[in-house]
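I opened the notebook to record what I looked up in this structure, beginning with a pair of helices and going on to strands, core and chain contact.

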Amino acid sequence: MKVSKKIVLLGYFGVGKSSLIRRFVENTFSEDYKVSIGVHIFKKNITIPEKGTDVSLVIWDLEGNDDITNTRLSYLLGTHAFIYVYDVTRPATYKNLENEINFLKEKQKNTPITVVGNKEDLVTKAYLKQNSNDFGSLTDFYVSAKTGDKVNFLFSNLAEALIK
Amino acid sequence: MNQDERLSILKDILLTDEREYAQKVEEKLKIVEELVNKQNQLSDRVNPIIEERLNDFVIEIPKTLGPVITEALKSEIKNSQDAVVEALFPIIGKMIKKYIQQEMQILSEQINAKMNNAFSFEALKRKFKSKRTGVSEADLMLQELVHPIIEQIMVIEKGSGIIISEYSKTQAIDEDMVSGMLTAIKSFAEDAFEKENQELNYIEYDSFHIHLQNFSDYYIAVIISGSYNALFKSQLEDKLLDFAQNSINKQDIINRDSFSEKLKKHFQ
């Protein structure tokens, strides 16, 4: 059986949304920062052997926004899962985390949201622990697009959850 | 001392320098002669080796230098794109011009042939059709000459952009990516104009026309090559509306296999 799922990545500018997708889809990483404008669409097929299902993840990489309420709402329609990305090294990208997540929950009820702290390779475990009051309770995964740590796990875990 | 002895002494006195000179010349001639002989001998031995080497070189050069030259050319072209475009533009421009001229000539001849048969049954039928449909005779004539071809039909879920069903005679594009992108373009255009109940109906891409027929839960994107005019649009809309009204029910949107089956049957 083959199913297609729409995944939308959101978050501030420069948090590494496109890098995470490129790491997952192409297994590449570049230090050069290129700002995303509008929306980019990527696709990757994942096989879930236990379910005998091929999941086609159609990933929408939305341009970064320092206020989620400015996001074009029509891009969010019909989304099967959101991945909200912030940068663990830049407090500005997670200071409104709770409000941003609540906005998404309000606009797209019943759509699961996975919160991800990117650039984990740049900080220590102690740093993550120290700042857990700011983002710890809301974060599902700490990942690194640069090293690839937990990136595949993030998407395959999501794909599995979507076909349950 | 007799006369002969005296003559010999006199010869010695007078001709000593010339004799030495003649001897030196003779020695030099010998050296040159030896050298030439030696070179000829050497050539006989060396020439086959050089020839063999040259043959090897001719065989080896594409393998060894080919990739290097290709890489160098690629990088040179990449670094001097403007210069390359400038150099190629007149040549490609002329080729395109020639091709278009030829195609226009063929089209013109075909139109002339049709015009010459102005009172044929076909022409009268066209006139009548033009009056009935409101499409100009010229458009109808063009449509007869450059037939529109449906390249691909995609049924896409509104909002998500996930493909529900697709039908094409030649599978050439990644329909998931295209349907996502079409939906993003559609969402952007419809959002940007901020007018309710207005929807994007048509996109032109290169030589392709993308007709978008909107329904409540999904929309159908039809990719067409060739002439796309009002008459064809109207016929296509009728066919799509007929398909949505008479062939599709809510269940088909969930059961995508049956949707695909019906789509194929309707447009085959």
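**Helix pair.** I began with helix H1 (residues 17-25) of chain A and helix H5 (residues 151-162) of chain A, whose axes come within 9 Å and cross at roughly 85°; axes here are lines fitted to C-alpha atoms, for helices over the stretch in contact, with angles from 0 to 180 degrees between N-to-C directions. H1(A) and H5(A) are therefore roughly perpendicular to each other, the term for angles of 65 to 115 degrees. I then listed the residues that meet, which are A:Leu20, A:Arg23 and A:Phe24 from H1(A) and A:Val151, A:Asn152 and A:Phe155 from H5(A). By class, this contact has 4 nonpolar, 1 polar and 1 charged residues.

**Basis.** I noted that this is a predicted model, in which local features need pLDDT of at least 70 and side-chain atom pairs count only at pLDDT 80 or more, while totals for chains, interfaces and linings use all residues. Residues are numbered from 1 along each chain as its sequence is written, and chains are lettered from A and ligands numbered from 1 in the order in which they are written. Helices (H or I, at least four residues) and strands (E, at least two) are DSSP runs, numbered from the N terminus.

**Strands of chain B.** I found that strand S1 (residues 149-157) of chain B is joined to S5(B) by 8 bridges and that the two run antiparallel, with B:Tyr219 in S5(B) as the bridge partner of B:Ile156. Strand S4 (residues 208-214) of chain B also pairs with S5(B) in the antiparallel sense, over 7 bridges (pairing requires at least two DSSP bridges). S4(B) and S5(B) form a hairpin with 3 residues between them, and B:Phe208 has B:Ser225 as its bridge partner in S5(B). Of the 8 residues of S5(B), 7 are buried (20 or more other C-beta atoms within 10 Å of their own), so S5(B) is largely enclosed by the rest of the structure.

**Core.** The largest nonpolar core has 61 residues, and those with the most contacts inside it are A:Val8, A:Leu9, A:Trp60, B:Ile156 and B:Ala221. Strand S5 (residues 218-225) of chain B gives the most to this core, with 7 residues. Such a core is a set of buried Ala, Val, Leu, Ile, Met, Phe, Trp, Tyr and Cys residues joined through C-beta atoms within 7 Å.

**Chain contact.** I recorded 15 residues from chain A and 16 residues from chain B in the contact (C-beta atoms, placed from the backbone, within 7 Å).

Key. Buried ≥ 20, exposed ≤ 12 C-beta atoms within 10 Å, placed from the backbone. Contact = placed C-beta atoms within 7 Å. Parallel < 35°, antiparallel > 145°, perpendicular 65-115°, else oblique. Nonpolar A, V, L, I, M, F, W, Y, C, P; charged D, E, K, R; others polar.
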